[in-house]
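This report walks through a few local features of one model. Please look over the sequence and the structure before reading on.

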Amino acid sequence: MGFLKVSSPHAHGPMSTARVMRLVLLATIPGLFSLTWFFGFGTLVNVLWASITALAFEALALKLRKRPIAFYLNDYSALVTAFLLGIALPPGSPFWLIMIGTGFAILICKQLYGGMGYNPFNPAMAAYVMLLISFPVQMTTWLAPQGSFAGDLLGPIDALRYCFGFGRESIDAITMATPLDVLKQNNSLLIEDLWQESAQLGHFAGIGWEWANIGFLLGGLYLLYRRVFTWHAPISMLASLTLLSVLFYDGGSSASGGSPLFHLLSGGTMLGAFFIVTDPVTSAVSNRGRLIYGALIGILVYIIRVWGNYPDAVAFSVLLMNFAAPFIDHYTQPRTYGHKLKDQQGGKS
Amino acid sequence: MRKIWDIHGGIHPAENKHQSLLKPIENAGIPAQLILPLAQHIGAPASPIVNVGERVLKGQMIAEAKGFVSAPVHAPTSGTIAAIESRVIPHPSGMSANCIVIDTDGKDEWIDHHGVEDYSALSKLDLVDRIRQAGIAGMGGAGFPAAVKLSTRDDKPIETLILNGTECEPYITADDILMRERAAEIIAGAEILRHIIKPNKETLIGVEDNKPEGIAALKKAAEGTGIEIVVFPTKYPSGGEKQLIQILTGKEVPSGGLPSDVGIVCQNIGTATAIYRAIQFGEPLISRITTVTGEACGQAQNYEVLLGTPVQYLLDKSGFDKENCIRLIMGGPMMGYTLQDTAVPVVKTSNCILAPTVAELPPPPPAQACIRCGMCAEACPVSLLPQQMYWFSRAQEHEKLENHQLFDCIECGACSYVCPSNITLVQYYRASKAEIRQAQQDKIKAERSKERFEARTARLEQEEAEKEAKRAARMAAAKAKAAAAANAPEASKADIIQAALERSKAKKAEPADPAQAAIARAQAKRDGGAEEESPQEKTERLQKLLASAEKRLVAAKEKLALAQEQQSDNADAFATAVSKTEEKLSAIQKELSEHQASQAPAKTEPAGESTDPAQAAIARALAKRAGAGADESAEDKTTRLQNVVATTEKRLAAAQQKLALAQEQNDANVGAFATGVEKTQAKLDAVKKELADHQATLGENAAAEQATSDDPVQAAIERAKAAREAQANMSEADKIKQTLESLENRIAKSKEKLEAARAAGDDKAEILADSLAKLEDKLATAQQQLSQT
Ligand code: SF4
Ligand code: SF4
C-alpha cells in the first residue's frame, strides 16, 4: 500500500517564511534607491557589508548551536536584519561599526534568545540603539544630501574606501546636521523662516529625507498589498504621530514641534512604520493589539523627537514597545466565537 | 436582499471543484462485497440482528440502533451475510471495528417497503421515528443521527431551520451535483423538515456563490414554498455548522452549547434528500453521493455509491493511477484524513475520496520557526490565537491552552494553511486536546482510587478488629473445652479432642482443590468426631457475611439509584461500589455453597457407618443445623427481597411524583426524571422476579424436605443439596445474569449520555467514556463468569 499518513490540512497556502522575507527585501528597493540618489553609495555599501557580516555571524551561531545552517539561512531573516540596520546607519559608516552592529543584532539579540521567532527585541533596532549609545559621533555623522548622483556625492568606489577606513577625513567635509537636528536646535525662528534659512530642509522634511521616506512608504504599501502584514500597526503609528504633530504644531511658532508632514517624512518614520513596527516577531499579535502597539510607538516617537534628547526616536520607541508587547497581547485577546468577552477575560488571568 | 453576516478570518484555497462536475452522477453499481461498519454515525454502534449465512434483502435492517444517540444499519442490496467481524473502517487512526460483511447476489431485491401518503397527517414523533428507523445520520461530515437533532424540545422553540448546502471544502462536489440534479428532492426534504421542526420564523438553504447552477436549480424548485435560498460569498470554512449559522443569522452558538440553544436547527441538504426518500418511499439510507476526484484519478466524478462499497472499487472505476499518488484522502484536503488501506468502505459520512498526485498536494515541507506573523490568527474563523496556542502546546501549558479556548477550535485547518513557516498547528491542537482529556481522566481516576484506598484501609482495620475479637473468643472456648475434657475422663471425649487435633493437622496439609478438601475432611471425619472449628460455625460465619454483604448491596444500590435520579456526578462511583459489593457477595455465596457442598457428602458416611451413638447424634445435629441454616437464610432472603420490593415501590412512587411535578412545570429535567422512573420500575420488576423465583425454589425445597423427612440425616443432606443448588442457580447463574442485564442496561445508558456529551462537545465526554470502558470491562468479566458456571 504505502500511502502517506499525515493529518489535515493537506493543502497549504502559497505563503512561506522565506517568501515573506524575500518580499520584505524586495520592498526596500525604492527607499534604498532614494537614499542612494541623494546620499550616494554609502547606504548601499552599508547594506552590502552588513549582509555579509550578518550571514557570517548567523552561520557561526548556527554552527555553534549545532543547527542545520543551510536550512536556517534559507529563511532570509538574517538578511532582513542586515538590510534594516544598513539602511538605518549613516551612509558610509565605518566597517567596524557595521560589524559590531550586525554581530550584536545576530549573536546577542537573536541567536542568544533561541533564534528566529524567539527574540523579544527587534535585532536591527536593538543594535542601532546600542551603537548610538556607544558611538554617538559616528552615529550622527550624516552626509549632506546632493541629488542625482551629482558632484561630490559618494561614488561606489569612494564609498567602499570610506567604509574600510581610507580617507575618512574628507567625509567630514560633506556632512551636515539632519533636518531633525536642525529643528531641534532651532529656538528663535518661526518654522517658516527656518525653512527659508536652511536649504537642506527641502519642501517638507529635508531634501533626500522626503524622498527616502516616500520610497519606504511605497515599499510598505506594496507589502500591504501582498498581505505580508496587516495595516493595523503601521497605520495606527502614523496616525498617532500625525495627531500629535497637529496638536503641537502651534501655528509654526519657534517652539513648534514641526508640521505633520515634516514628522511623517523625516528621519526613520516610514522605514519604522512599514519595516520595523511590522516586524511580526516582536510586535503584538492580535489586530487590536497591533493598533495599540502602533499607536503607542507613534506617540513615543513624537515625544522623544520633540522633547527628548535624541533627534530620532523610532529605534527607542520600538524597543520600548517591544517590552510592552506581551502585556498588550495579554489584554487584547480577541473574543472567541460563542464566548462573551467578559467570561473570557475572567478565565484568563 | 437579506443581510449576510461575515465570519472572522477564513481562507480561499484553490477550489478544484470543476473537475468532478463535468459528468452527471453515475451509479457505481454493486460490488461483490459490501462492508458495513456498525458505527457509521456519532453515537453508540448499532447491534447486529442478523446471523452469518442469512440472506438479506435490499433495505432490510441488519443492525438496530442501540440507545437514543445511535442509528440502525440496513442492507444496501440483497445478498448473504458473509461475516460479522472486525474490519478496517474509515477513521483517521486506521483502526478496525465491527462490520457486517455482505456477499451481494446481484439481484438487488428490495424488501417490502412503503412510503407515507401524506406526511403532514403524521405526528412529529411518528416522522422522527421513521427517520430514526431509516438510519439517517448527518451526511455532511460528522454523521450525527438526524433524528436526534430533530427531537427538539417544546421548551426551546426553533426560529430558523437551516439547510447546509455550503460545501466549502475544496474538491468536494457531492452537494453541488445534488443541487443540480435533484433540487426537487432537496426542497421536498426541506418541507418535511419544516413540518417536523415548525420553525416560527424561516427556513433557509445556505449556498456559497461558487455554485451558480446549483443555486439556480434550487431557486426554481423552491418557488412558492417560502423556502429561501441564501447565497453568500465563498470562503472556507463557511460550511461549518456554527459558521453557517453566524453567516445566515448573525447569531453565535454559545461555547459548549447546541444550535437549538439559539433557536436553530441545521441539517445538510444530503440529509434532507435522504429524509425525503425515507418518508416518501420508505427507503432507508443505503446509498449516498460520493465525489471521487484528484489528479491521480483518470476521471473525476460523482457516484451514487452503495454504503459499504470498498474504496478500491471506486478507484478502479475511476482509472486510479497508483504510481502517482502518495496519499489517499477521505474527505476534503482541509479536514479529510488519510487512508492507509483501500479496502475501507464508503460510509454514511463519506462525501469524497481524494486521490491527488504528488505534484498536486506535495508532502509537507519541514516546519520552520514561528515568526509570529499572526497570519494564523487572521485566518481563524473562531477568533482564536493559534500562534499562542502553538507555543502553549509546545510548552504543555494546559491551563493556558484552555484559557485560550483550545476546545473551541473546530480543527478547520485554516491556520495551518496560511502559516508561512509550515507549522502543523492543528496537529499540535489535536495532541494537546488529547493530553488534556487524558489528564482530566487521570485526575478523576486518582481521586477515585484514593477514595477506594481509604475505604479499603478502613474496612481492613475493622475486619482486623473483628478477627481479633473472634480469635479471643475462640481461645476462650478452646480453653473451656480443654478444661471440660480434663474434667470428664471419658474415652469418647478424649477421642474427640484427639480427632480434632488430627483434623487440624489434616487441615494444614489440606490441598487447595475443594473436592479433595471435601474428601480429606470426610476422611478426617470418619477418623474422629466433630471439628474443632466446626463446619457449622463456618456456615454461620459465611451466612452472616452473606447477609451483611447483601445489606450493603441494597444500600449501595439505593444510593446509586438516588445519584442517578439526581444526575449526580457521583453516580459512577456508586455504580462501581455496587458492582464491587455484588462481586463480593457472589464470592461469599460461592464460598458458602462450596462449604455446604463439602459438608454434605462428608456427613453421608458417618450416617451410614457410624456405630457410635454419640457420633450419630452429633452428625444428626450437624445435619439439622446445616438444614436449618439453609432454611434460615432462605427466609432471610424472602424478607429481604420483600423489603427491597417495598422500598423500591416507595421510590418509584416518589420518582413518579417528581416526574409529574416536573412535567407540570415544564422542568428541563423531565427527561432525567422519566429515565429515573423507568429505571426504578425496571429494578422493581427485577426484584419482584427475584422474589418470585426465590419463593418457587423455597417451595421446591419444602417439598423435597417432606419427601425425605423420615430420615433426618438424609433430609438434612437433601436440604443442603437443594440449598446448594438453589444458591448455585441463584447466586451463580441468575445473579450473574442479572448483573449482566443491569450492566448492559447501564452501558447502553452511559453510551447515550456519552454520545450526547460528545455531540455537545462536552468536556465530560471523556470522563463518561472512561466509565463506559470500565462498565464494559465489568460486563466482560461477568460474561466470563457466566460461561464458567
Ligand atoms: S502563521 Fe505560523 S508563523 Fe505566523 S504566527 Fe502563526 S504559527 Fe507563527
Ligand atoms: S484549526 Fe482551530 S485554531 Fe486553526 S483556524 Fe481552525 S479553528 Fe482556528
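Which side chain meets K149(B) in a salt bridge? The partner is E241(B), and the N to O distance is 2.8 Å. The model is a predicted one. Over all chains, the structure holds 25 salt bridges. In general, side chains of opposite charge can pair when their charged atoms come close.

**Between the chains**

The contact between the two chains takes 44 residues from chain A and 64 residues from chain B. The area buried between chain B and chain A is about 4600 Å². Carbon and sulfur atoms give 55% of that area. The count of salt bridges between chain B and chain A is one. Here the side chain of E252(B) meets that of R335(A), with 2.6 Å from N to O.

| Side chains | Distance, N to O |
|---|---|
| K149(B) and E241(B) | 2.8 Å |
| E252(B) and R335(A) | 2.6 Å |

**The ligands**

Which residues surround ligand 1? Among them are the cysteines C370(B), C373(B), C376(B) and C419(B). The shell also includes I371(B), R372(B), G374(B), Q387(B), P420(B), S421(B) and L425(B). By class, the shell around ligand 1 has seven nonpolar residues, three polar and one charged.

Ligand 2 is surrounded by 15 residues. The closest of these are C380(B), C409(B), C412(B), G413(B) and C415(B). Three helices of chain B, α9 (386–395), α11 (414–418) and α12 (425–487), each supply at least two residues of the shell around ligand 2. That shell divides into 13 nonpolar residues, one polar and one charged.

**Cavities**

How many cavities of 30 Å³ or more does the structure hold? There are 11. The second largest cavity has about 370 Å³ of space. It is lined by 27 residues, and those closest to its centre are M21(A), V80(A), D279(A), P280(A) and V281(A). Two or more lining residues come from each of α1 (17–27), α5 (77–88), α7 (123–134) and α16 (269–276) of chain A. Among these, α5(A) gives the largest share of the lining, with four residues. The lining of the second largest cavity is made up of 18 nonpolar residues, six polar and three charged.

**Backbone geometry**

Most residues other than glycine have a negative phi, and most peptide bonds are trans. A few places in this model depart from that pattern.

Y76(A) is not a glycine, yet its phi is positive, at about 65°. Y76(A) belongs to the loop between α4 (69–73) and α5 of chain A.

P9(A) lies in the segment before α1 of chain A. In chain B, the bond from Y236(B) to P237(B) is cis, with omega near -5°. The loop between β11 (228–232) and α5 (241–249) of chain B contains P237(B).

Key. Residues are numbered from 1 along each chain as its sequence is written. Chains are lettered from A and ligands numbered from 1 in the order in which they are written. This is a predicted model: local features need pLDDT of at least 70, side-chain atom pairs count only at pLDDT 80 or more; totals for chains, interfaces and linings use all residues. Side-chain values use heavy atoms; hydrogens and water are left out. A residue is near a molecule or strand if one of its heavy atoms lies within 4 Å of it. Ala, Val, Leu, Ile, Met, Phe, Trp, Tyr, Cys and Pro count as nonpolar, Asp, Glu, Lys and Arg as charged, and the others, Gly among them, as polar. On a 1 Å grid over the protein atoms alone, a cavity is a set of points where a 1.4 Å probe fits but cannot get out, and a pocket is an open set with protein on both sides within 12 Å along at least five of seven lines; lining residues have an atom within 4 Å of a point. Grid points are joined across faces, edges and corners, and a volume is the space filled by probe spheres set on the points. Contact means heavy atoms within 4.5 Å. Buried area is the accessible area (1.4 Å probe) that two parts lose on being put together, summed over both. A salt bridge is a side-chain nitrogen of Lys or Arg within 4 Å of a carboxyl oxygen of Asp or Glu.
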